[in-house]
Amino acid sequence: MHWDVVFRNFDYFLIGAYPQGPLGGLAMTVILAVGGIFGAFWLGLGCGLMRISARRRLRWPAMAYIEIIRGTPLLMVVFWFYFLAPVLLGHTLPEAESALVALIVFTSAYIAEIVRAGVEALPKGQMEAARGTGLSHFQAMTHVVLPQALFNMVPSFVNQFVSLTKDTSLAFIIGVNELTKAATQINNRTLNAPTEIFITIALLYFVICYCLTELSRRLEKRINRYQARNR
Amino acid sequence: MAYTFDFGQVVSGEYGQWLVSGLVTTLHISAVSIVLSLALGTVVAVMRLSKVRPLVWASALFTEFFRNTPLLVQIFFWYFGSYSVLPTVVNEWLYRRDFEFACGVIALTVYTAAFIAEEIRSGIFSIPKNQLEASRACGLSFLQAMAYVILPQAFRVIIPPLISQFLNLLKNSSLVMTIGVMDLTYMARQIEAHTFHGLEAFTVSTLMYLAISLIVSFAVNVYNRRVLHVRSR
């Protein structure tokens, strides 16, 4: 075994060539994941609310968007944005931006389904009572339904964040400098320790994702105690 | 930049055949992995529920590890690093066959089995406990009770989530292009490189994935309504 290869390049796995060169490695993975979940939350929230709207002209586009994205492999979405950007914008988008947009668009379809499930899982009485006190539909949504629903959805969001963290590895395919790319670079350079290198980065991903999964399990237990239910 | 769509070039002739052969490879690798991951996932789930401590730990470790690492890294691990982990006999057997395809199958199988094991486990939990107790009291062993009483009932409930895992597998199979398996995504990428008409190739291959997904989810909805009497909203 050649674990020394891993030890010698461990800082490259963590932050890439930074500060001498561009930021990469695990730091880039985290940036993509955090940026992705932040963008996907807002897009997914909007899309999920459109999906449960009573108006068809809002509901149908959201439905089409969700079904199309959920039926397509992420790699396809990544390629789509990578090759579509020059056609639409007239110039190429840097790989990291293009990957981030693809991750946001892909994840928000799944977030939208979480939002829909969360809002629909709340007892109907919450909305009816809020409307009954004189709030408009929009006010009832933002002040009564969403605060509760979003709180209940937190574990699902964390799970989605875990998926997203794993999905950032696909950005490597279009050439973003993140953890998987760092591993393949080191592997191509050294050639004698692929097993050790890929076990190491698998463990790096595992540590992040497992901690988040555990967090989501704990949150779920805690949240279950405070949920408003149909009685 | 002006871009003119030219679907004729992509769907007919040589490039059209590429896409079709890519689709066939995608379906092939998915089908093989589905069968294997179902078998492996069932074994892991039953191990988790057995009373033998080392088996429980091994299965918990298996599901947690493979669920929480990216599939792409696992694919690279099997492709580049499997020679020092697998026994020599297995490696030689793999090298004599289509090595890329075999690595893709192993990675997809193991990754999906970790998810399937959790689905099956929750399916088994949904069966009342006295079913197992009653069958043990009839003189069946733990494995017999699982195989003849519990699993047949559990599978009826978990068919919909299982199939959605299989659809995920089908979509995930696009990642095997990175190690050179010539699947649908690989072919689309290849056509892009040859013709610079990538968007058409991506449109056609996206539609192929989408068609399979939509048809299968429609079938699952029908199953839910007719067999499980669950109304989808």
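This is a predicted model: local features need pLDDT of at least 70, side-chain atom pairs count only at pLDDT 80 or more; totals for chains, interfaces and linings use all residues.
I'll start with the overall picture of chain A. The secondary structure is 10 helices and zero strands. Read along the sequence, that gives the pattern α-α-α-α-α-α-α-α-α-α. Along the principal axes, the C-alpha atoms of chain A occupy a box of roughly 70 × 45 × 30 Å. Of the 231 residues in chain A, 44% are buried. If you take the contacts in chain A with a separation of 6 or more, 72% of them join residues 24 or more positions apart.

Next, the core. In soluble globular proteins, nonpolar side chains tend to be buried together. Here the largest nonpolar core has 122 residues. Which residues have the most contacts inside that core? They are Val77(A), Val78(A), Ile201(A) and Ile75(B), so please keep both chains on the screen. Take Val77(A) as an example. Leaving aside residues up to four places away in sequence, Val77(A) touches Ile69(A), Thr72(A), Ala102(A), Val105(A) and Phe106(A).

Now one helix pair. Helix H7 of chain A covers residues 124–132 and helix H8 of chain A covers residues 137–167. Their axes come within 9 Å and cross at roughly 140°. That angle makes H7(A) oblique to H8(A), since the cut-off for roughly antiparallel is over 145 degrees. The crossing of H7(A) and H8(A) is right-handed. On the H7(A) side, the contact is made by Gln126(A), Met127(A), Ala130(A) and Arg131(A). On the H8(A) side, the residues are His137(A), Ala140(A), Val144(A), Val145(A) and Gln148(A). By class, this contact has five nonpolar, three polar and one charged residues.

On to the two chains together. In this model, 35 residues of chain A are in contact with 32 residues of chain B. Which helices of chain A each supply at least two residues of that side? They are H4 (56–70), H5 (74–89), H8, H9 (179–190) and H10 (194–226). The largest share, 11 residues, comes from H10(A). By class, the side of chain A that touches chain B has 23 nonpolar, nine polar and three charged residues.

Staying with H10, look at Thr213(A), which is in that helix of chain A. Thr213(A) counts as partly exposed, because it has 18 C-beta neighbours inside 10 Å. Not counting residues up to four places away in sequence, Thr213(A) touches Val162(A) and Asn68(B). Thr213(A) and Ser156(A) are 57 residues apart in sequence, and their C-alpha atoms are 10.0 Å apart in space.

Last, the backbone. Most residues other than glycine have a negative phi, and most peptide bonds are trans. Where is the cis peptide bond? It joins Tyr18(A) and Pro19(A), with omega about 0°. Pro19(A) lies in the loop between helix H2 (10–15) and helix H3 (25–51) of chain A.

There are also two positive phi values to show. Leu191(A) has phi near 70°, and this residue is in the loop between H9 and H10 of chain A. Leu191(A) counts as exposed, because it has 10 C-beta neighbours inside 10 Å. In chain B, Phe196(B) has phi near 60°. Phe196(B) lies in the loop between helix H9 (184–195) and helix H10 (198–228) of chain B. With 10 other C-beta atoms within 10 Å, Phe196(B) is exposed.

Terms used:
Residues are numbered from 1 along each chain as its sequence is written. Chains are lettered from A and ligands numbered from 1 in the order in which they are written. Axes are lines fitted to C-alpha atoms, for helices over the stretch in contact, and angles run from 0 to 180 degrees between N-to-C directions. Helices (H or I, at least four residues) and strands (E, at least two) are DSSP runs, numbered from the N terminus. Angles under 35 degrees count as roughly parallel, over 145 as roughly antiparallel, 65 to 115 as roughly perpendicular and the rest as oblique. A crossing is left-handed if the near helix is turned anticlockwise from the far one by less than a right angle, and right-handed if clockwise. Two residues are in contact if their C-beta atoms, placed from the backbone, lie within 7 Å. Ala, Val, Leu, Ile, Met, Phe, Trp, Tyr, Cys and Pro count as nonpolar, Asp, Glu, Lys and Arg as charged, and the others, Gly among them, as polar. A nonpolar core is a set of buried Ala, Val, Leu, Ile, Met, Phe, Trp, Tyr and Cys residues joined through C-beta atoms within 7 Å. A residue is buried if 20 or more other C-beta atoms lie within 10 Å of its own, exposed if 12 or fewer, and partly exposed in between; C-beta atoms are placed from the backbone.
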